[in-house]
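Open the model in your viewer and keep the sequence panel beside it. The tour goes from stop to stop, with something to select at each one.

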Amino acid sequence: MLDLVRCEDIHTNEQFRHLSTIPGIAIDLRYAGANNFVGRDLYGSLDCAWLHQRAAQGLERAVELLAQQAPGHRLLVLDALRPHRVQEQLWDHLGDTALRRYVADPARGSIHSFGMALDATLLDAGGRELDMGSGFDEMTELSHPHLEARHLAAGSLTPEQHRNREQLRGVMFGGGFQGIEDEWWHFEMLDRHHVRRHFLRVN
């Protein structure tokens with residue numbers, strides 16, 4: 001049986017670490033407000049500013065790399081722990097549409113719900129988000145990393161926007177994360193099947 005913990009109880013579980021304990025990052029959890037594709041606050045009173053300890057350590061390494069490569073820049077965390085109950089709401093919101101490819105099926109479980117994934121972008125020294133060519137949760141092909149060469153050739157993605165994405169990927173990969181083919185902002189750690197079988201899921 002899958003091991004579960006309620007989000008309300010996560011603060012007592014030593015497997016998880018709060019984002020506020022990680023120096024050098026900025027935090028703007030988009031599902032804790034209306035600035036997301038659903039258009040409303042999905043977290044409410046839930047504190048979702050958590051990661052599994054292993055992912056938190058990886059984020060710390062990414063912060064160190066960014067400080068070396070681009071002093072003054074910061075990682076902005078857009079989403080981290082996403083309780084399973086919220087994942088179900090995202091899935092239901094998209095209904096029976098092709099856009100469901102951008103949301104993990106709750107039947108399998110999102111890696112966010114294990115605290116082993118986060119969504120992130122970069123801030124410049126003035127605190128402004130770097131231009132990535134498409135917005136967070138923009139469900140279009142322009143957001144797909146595996147199509148960037150095509151977008152560059154077509155002029156729909158500029159060299160500067162591509163460099164910004166490469167910089168983000170570089171520090172996150174250096175922290176031990178891996179990306180996915182259709183979201184430039186999403187990073188996760190370890191094999192998904194391993195995480196789903198051996199890690200604690202938050203509901």
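In which strand is the place of Glu183? Select Glu183: its place is in strand E8. Helices (H or I, at least four residues) and strands (E, at least two) are DSSP runs, numbered from the N terminus.

Before going on, note that this is a predicted model, in which local features need pLDDT of at least 70, side-chain atom pairs count only at pLDDT 80 or more, and totals for chains, interfaces and linings use all residues. Residues are numbered from 1 along each chain as its sequence is written, and side-chain values use heavy atoms, with hydrogens and water left out.

**Stop 1: Glu183**

Glu183 counts as buried because its relative accessibility is 8%. Buried means under 20% relative accessible area, exposed over 50%, and partly exposed in between (1.4 Å probe, protein chains only). Contact means heavy atoms within 4.5 Å.

**Stop 2: the largest pocket**

Select Tyr102, Val103, Ala104, Ile180 and Glu183: of the 28 residues lining the largest pocket, these lie nearest its centre. A pocket is an open set of points on a 1 Å grid over the protein atoms alone, where a 1.4 Å probe fits, with protein on both sides within 12 Å along at least five of seven lines; lining residues have an atom within 4 Å of a point. The volume of the largest pocket is about 330 Å³, a volume being the space filled by probe spheres set on the points, which are joined across faces, edges and corners.

Next colour helix H2 (84–94), strand E6 (117–123), strand E8 (183–188) and helix H5 (192–198), each of which supplies at least two residues of the lining. E8 gives the largest share, four residues.

**Stop 3: Glu181**

Move to Glu181, in the loop between strand E7 (178–180) and E8. Glu181 is partly exposed, because its relative accessible area is 46%. Apart from residues up to four places away in sequence, Glu181 touches Arg101, His144, Pro145 and His146.

**Stop 4: two positive phi angles**

Select Asp137, in the loop between E6 and helix H3 (148–154). Its phi is near 65 degrees, a positive value in a residue other than glycine. Asp137 is buried, because its relative accessible area is 10%. Then go to Leu190, in the loop between E8 and H5. Leu190 is not a glycine either, and its phi is positive at about 70 degrees.

**Stop 5: Ser113**

Is Ser113 buried or exposed? With a relative accessible area of 0%, Ser113 is buried. Find it in the loop between H2 and E6. Beyond four places in sequence, its contacts include Leu81, Arg82, Leu200 and Val202.

**Stop 6: Leu59**

Finish by selecting Leu59. Leaving aside neighbours within four places in sequence, its contacts include Leu19, Ile22, Leu75 and Phe177.
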